[in-house]
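Please look at the sequence and the structure shown below, and keep both in view while reading this short report.

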Amino acid sequence: NIWHTHENNWLAQVYGRKRWAIFPPNTTLAADEAVARQYDRSPCAPPPAWPGLISCIVEAGEIMYLPSDWGHETCSLEEFNIGIGYIGSVSAMTKKQSKLAKAK
């Protein structure tokens, strides 16, 4: 999973392990570094030595939460992984659940 950002999100790691490399919002990377990372290397390559980069491993049974606009890439560290996640605000999720309940 190459470098990207999006809204609030979480991922519950059900089985396996996943490495996350994250940047706080408004972190500026040199364009050539980011492009090289996306096209010349796998996200599973060793994390780059970029200032401000935070890296962690999420194990089965753990949940990773990222607020909106945090840059990140992930790498599955096992041959087989299961994760359940959601991208978006909690209020949007609640509205969707209300609409589903009303439709029943």
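In which strand is Gln 13 found?

## Where Gln 13 sits

This is a predicted model, and in it Gln 13 belongs to strand β1.

Strand β1 is part of an open sheet of 3 strands, which are arranged in the order β4-β1-β6 and pair in an antiparallel way. The edge strands, each of which pairs on one side only, are β4 (63-66) and β6 (82-87). From one strand to the next, the twist averages 15°.

## Gln 13: buried or exposed?

Gln 13 has a relative accessible area of 3%, and because buried means under 20% relative accessible area, Gln 13 counts as buried.

## Polar contacts and other contacts of Gln 13

A polar atom of the Gln 13 side chain lies 2.8 Å from the backbone oxygen of Tyr 15, and the side chain of Gln 13 also makes a polar contact of 3.1 Å with the side chain of Asn 81.

When neighbours within four places in sequence are left aside, the residues in contact with Gln 13 are Lys 18, Val 58, Glu 59, Ala 60, Gly 61, Glu 62, Asn 81, Ile 82 and Gly 83.

Definitions and conventions. Residues are numbered from 1 along each chain as its sequence is written. This is a predicted model: local features need pLDDT of at least 70, side-chain atom pairs count only at pLDDT 80 or more; totals for chains, interfaces and linings use all residues. Side-chain values use heavy atoms; hydrogens and water are left out. Two strands pair if DSSP finds at least two bridges between them. Helices (H or I, at least four residues) and strands (E, at least two) are DSSP runs, numbered from the N terminus. Axes are lines fitted to C-alpha atoms, for helices over the stretch in contact, and angles run from 0 to 180 degrees between N-to-C directions. Buried means under 20% relative accessible area, exposed over 50%, partly exposed in between (1.4 Å probe, protein chains only). A polar contact is a pair of N or O atoms within 3.5 Å; within protein, one must be able to donate a hydrogen and the other to accept it, and residues adjacent in sequence count only if both atoms are side-chain atoms. Contact means heavy atoms within 4.5 Å.
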